[in-house]
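Here is a short report on helix packing, aromatic contacts and backbone details. Look at the model first, then read on.

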Amino acid sequence: MIYNSFDNVGLVKVLSFLKSHNIEYLSGQDLSDVLKISRVAVWKHIKKIRSLGYKIESKQKLGYRLVKSTNLLLPWEITSDLKTKTIGKRAYYFDSIDSTQNFAIEIASNSKENGTVVISQKQTRGRGRLGRKWLSPTGGIWLSIVLHPKFDIAMSTLFPIGAALALSNTIEKIFGKKVELKWPNDVTINSKKVAGMLIDVSIESNKIEYLVLGVGINFKVNISQLEKSLKSSENFYGVTSLIENGKDESPILFVKSFLVELEKIFELLEKGENKIIINNWTKKSSTIRKDISVSTSDGKINGKVIKLDNDGALIVKENNQFRRIMAGDIIYKH
Ligand code: BTN
């Protein structure tokens with residue numbers, strides 16, 4: 001099942017009308033007259049809307065009333081009233097897909113798709129950093145964003161780091177939880193991973209043609225199940241869920257706030273204001289000044305983290321020598 005934000009015009013019309021008149025009942029005839037669609041079409045849309053998790057009460061002789069919205073990240077829920085200029089102006093939603101990242105890459109060259117968000121309820125072949133698998137059960141937020149940036153290729157490594165910062169700001173704003181950032185793109189709560197970022201970049205004639213940012217958030221997932229499957233992987237340091245099981249929190253407002261925060265970071269990068277991103281990331285980082293060990297393509301590096309460089313590389317002091325690390329998984333020594 002796939003939905004997008006630009007088709008389904010009839011359904012969205014009925015839904016919007018129900019939303020804006022949810023203190024009264026609306027008869028099928030009223031809806032048909034106001035929206036200029038047949039009564040059969042009204043009925044079909046109501047049936048579909050209900051199947052998407054919205055609760056619509058119906059009373060004989062009175063009509064329909066929307067009593068509860070959905071918790072599904074449906075595309076029109078994301079795009080409507082979203083306070084951004086580009087990001088999230090267009091959206092796709094899947095109930096299941098191999099990887100939102102793969103789908104986003106397929107559509108990314110099209111100029112119409114600049115800012116598009118691709119979301120899936122679950123992924124069957126979710127991709128993590130460094131070619132790893134990413135477990136993506138129902139309950140998490142799995143999304144990819146297509147962008148056509150104007151900034152330099154060298155800055156594309158700073159973008160997912162900034163995206164992690166944007167997500168941490170959102171978590172603090174919406175849920176008031178204390179969040180830390182682990183280099184490069186991990187978001188942690190109580191030293192356990194709650195979210196990660198991935199980036200795929202296409203380059204043409206030395207310029208970024210498009211980039212696709214993948215965001216995986218353990219929003220409301222079963223942690224013991226996830227732990228069981230992840231425990232044996234060598235980069236595992238603990239996972240956590242943002243929302244405890246059993247709590248009814250909608251992810252919709254959360255995702256929309258994240259897109260607003262992310263656009264702020266994106267605009268800073270486009271203006272070359274990397275310093276602001278680096279300073280704010282550093283304030284929340286659990287990595288700076290830590291003794292670490294990291295496996296890189298040039299072998300193992302052991303040392304103290306000094307700072308984040310202008311492009312997001314990690315500067316580590318090893319035996320009185322400064323090393324620049326572009327990619328890898330760090331292990332904290334204590
Ligand atoms: C990491 O390894 O920490 C990054 C994980 C990124 C996972 C997200 S989920 C949505 C998007 N689709 C994918 O297949 N991967 C990214």
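Buried means under 20% relative accessible area, exposed means over 50%, and partly exposed lies in between (1.4 Å probe, protein chains only). The model is predicted: local features need pLDDT of at least 70, side-chain atom pairs count only at pLDDT 80 or more, and totals for chains, interfaces and linings use all residues. Residues are numbered from 1 along each chain as its sequence is written, and side-chain values use heavy atoms, with hydrogens and water left out.

**Backbone details**

At 69% relative accessibility, Asn-190 counts as exposed. Its phi is positive, near 50°, in a residue other than glycine. Asn-190 lies in the loop between strand 8 and strand 9 (192-204). Helices (H or I, at least four residues) and strands (E, at least two) are DSSP runs, numbered from the N terminus. Asn-206 also has a positive phi, about 65°, and is not a glycine. Asn-206 is found in the loop between strand 9 and strand 10 (207-217). With a relative accessible area of 66%, Asn-206 is exposed.

A cis peptide bond joins Trp-183 and Pro-184, with omega about 0°. Pro-184 sits in the loop between strand 7 (180-182) and strand 8 (186-189).

**Aromatic contacts**

The structure holds 11 aromatic pairs. Rings of Phe, Tyr and Trp (its six-membered ring) pair if their centres lie within 6.5 Å; planes under 30 degrees apart count as stacked, over 60 as edge-to-face and the rest as tilted. Two of the pairs are tabulated here.

| Pair | Centre to centre | Angle between planes | Class |
|---|---|---|---|
| Tyr-3 and Trp-76 | 5.7 Å | 80° | edge-to-face |
| Phe-151 and Phe-266 | 5.8 Å | 65° | edge-to-face |

Tyr-3 lies in strand 1 (residues 2-4) and Trp-76 in helix 4 (residues 75-79), so their pair ties together parts 73 residues apart in sequence. Tyr-3 is buried at 7% relative accessibility. Trp-76 is buried at 5%. Phe-151 and Phe-266 are buried too. Phe-6, Tyr-92, Phe-94 and Phe-103 form one aromatic cluster.

A charge sits over a ring if NZ of Lys or CZ of Arg is within 6 Å of the ring centre and within 35 degrees of the ring normal. The charged end of Lys-182 sits over the ring of Tyr-237, 4.3 Å from its centre. Lys-182 also lies over the face of Tyr-332, at 5.3 Å from the ring centre.
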